[in-house]
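Please look over the sequence and the structure shown here before reading on.

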Amino acid sequence: SEVKEKTLNCFENQAYQYEELIEELSLPRDTSRNPLFDVMFSYINIDREELMIPGLTLHAHNSGHDITKFDLTLVAGESEEGLLYVSIGYSTDLFSAATIDRFITYFERIVEAVTTDFDQKLSEIDILSFEERKILLHQYNDTTADYSISETIVELFEAQVAENPDHPSLVFEGTIFSYSQLNGKANFLARKLLERGIEPHHTVPLVMSRGIEYVVSFLAIRKIGACCAPISIYWPAARLKEVLNGLDAPVVLVNQGGFSSLAESEIKSELFLVNHLEVGSSPDNLGSLVDPDSLMVMFHTSGTTGRPKGVLLTERGIYNRFMWMNDYFGQASSRSVLRTTKHIFDSSLWQLFWPLINGGKTIIPSEDKPLDLEYFSELLNAHEVTMTDFVPSLFNDLVRELESSTSQGTFVSLFDIVIGGEAISVSTVNKFRKLCPNIRLTNLYGPTEASIGCIYYPIEGSSYRIIPIGKSISNMNAYILDKNGKLCAPGVSGELCLGGVGLAKGYFKLPELTSDKFIPNPFKPGEKVYKTGDLARWLPDGNIEYLGRIDHQVKIRGFRIELGEIESHLTSHEAIREAVVLAKEREGDKYLVGYYVSKEALSSSELRDHLSKHLPEY
């Protein structure tokens, strides 16, 4: 009884300590799991002696267990014969028997490898079977399609001009441009640029507000085979000056909005003012000056050093994306496309130019109107829009308004909605599928470095628990690699790496960053893969699930933001010694918070004024 009492006191004391530890760690109570850890390993190394009583022998009997106290339990020990045995207990709500069988198989391969060569590192052991590697490398990446470039994007557009000269190509604030009008002005401007010495190897910045001038200028630049570099008119003067002077371009194309932004900037390049009312027209095309492997466009994304980095995309990569869109969405969806993305971001490229190679029209919203449900419905009805694109934050707003209105009945012309730019809300998607079951919804994923999105998932149901980003588009490949560059097994998280014809050439004048991010493809000699910095895993059906970021990059309202860039500019303030920026979330909406160390408190307005000299408004 004394031993029993002491034992109970010991257990009671341990229980109190356990409760205090849980309280101290502020761990949530959940009867379905252990609050401190989920996985337990136990090694049994005690001798089990048989108890001998005259006429009776007692020995241990394993009665088995129907329940597990932890998500996963691994028990190891030695049998009477001196053999190592291992047993696994698992929660059937979390793991399937097939998954546990895979775990056991991987463990056996590790044991076999280390007993064959005990000097090798664990990171060097390949646990995948030949069949699993075949599935990951070939079955999941069987995306080959014959998209040989017999005609460039400009030539495809010019073919539509010849076939449908009077068909509307652009609509902007009441102005409608026919195919022949758009082509004629692009031809005229292209010849003006040639007269100013612009050649195919040049990069030509476009500092323009949205509108017809931008599309005319982009086509003109591509007609002579040069690379377009869209720049925001809303960037701070210091950012504009640094980027434009870094490009060292002979000419910067501006419209009235861009001219106002650069009027007082110290730009080395000549400013060429484009006004579509004053640009002449020439029906004669210049002939093919475009190399399929030439640089088509340079988009600038946020950089950790405080400087934006230029991503170099090729004609071949964009062409591949457009051809896949023809196959997947169909040319009927391109009949009338509403442009929702600012033209300085990559997804605007398909919204503006994919319709133009298929005889459709592009609808450009007004600069000074918010794209709310009322304005969206107005544009949809007026122009019989067949396809558009939303970032999840705007899509969430749309669905909330749809729930409390009757507007969904007016979306009769809309075939397709594409969602991309950041993770999407499952509940919002489920609601939309019930509200608008006849509209095809597609989740598109892809960084600028992979040409406008290269992984897609058709959202067809209305009762999702998770929404994958999907599978690779034609001629693109996806690999999920661990920190040692080896293939991750299905269900195991790793870094998503992308390869294929849509891969960017790299970053403008940043060779070290290019070599760090665009590494040799370990599975296709002579090719590259881009390390996205995104965590992902393969699902059993071959789709990919996005799990978050490895680094400090975030996506907010579709904008790609490097937190390090904001930190860099915060610490450039003379009073700030250290700074850190975090992304927070409130009621589903993300926002940024800056923390700083200084001798005295600084007002938020002062810090905002300081940051606005270097960073874009968003």
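In this predicted model, 9 strands form an open sheet with mixed pairing, and their order across the sheet is 7-6-15-14-16-17-18-19-20. The edges are formed by strand 7 (175–178) and strand 20 (471–472), each of which pairs on one side only.

**Strands 18 and 19**

- Strand 18, made up of residues 440–445, runs antiparallel to strand 19, made up of residues 455–459, and the two are joined by 5 bridges.
- Looking at individual residues, Asn443 stands opposite Tyr457, which belongs to strand 19.

**Helices across the sheet**

- Helix 9, which covers residues 315–328, lies across strand 16 (387–390), strand 18 and strand 19, and its direction is at about 155° to strand 18.
- Helix 13, which covers residues 426–435, lies across strand 17 (416–419), strand 18 and strand 19, and this helix also runs at about 155° to strand 18.

**Nonpolar cores**

- The largest nonpolar core contains 93 residues, and within this core the residues with the most contacts are Val215, Leu253, Phe322 and Leu496.
- Helix 6 (residues 212–223) supplies the largest share of that core, namely 8 residues.

**Contacts of Phe322**

- If residues up to four places away in sequence are not counted, Phe322 touches Ile153, Leu349, Trp350, Phe353, Trp354, Ile357 and Ile452.

Notes: Residues numbered from 1 in each chain as written. Predicted model: local features only at pLDDT ≥ 70, side-chain atom pairs only at ≥ 80, totals over all residues. Heavy atoms only, no water. Pairing = 2+ DSSP bridges. Helix = DSSP H or I, 4+ residues; strand = E, 2+ residues; numbered from the N terminus. Contact = heavy atoms within 4.5 Å. Axes fitted to C-alpha atoms, helices over the stretch in contact; angles between N-to-C directions. Core = buried A, V, L, I, M, F, W, Y, C linked by side-chain atoms within 4.5 Å. Buried < 20%, exposed > 50% of the residue type's maximum accessible area, 1.4 Å probe, protein only.
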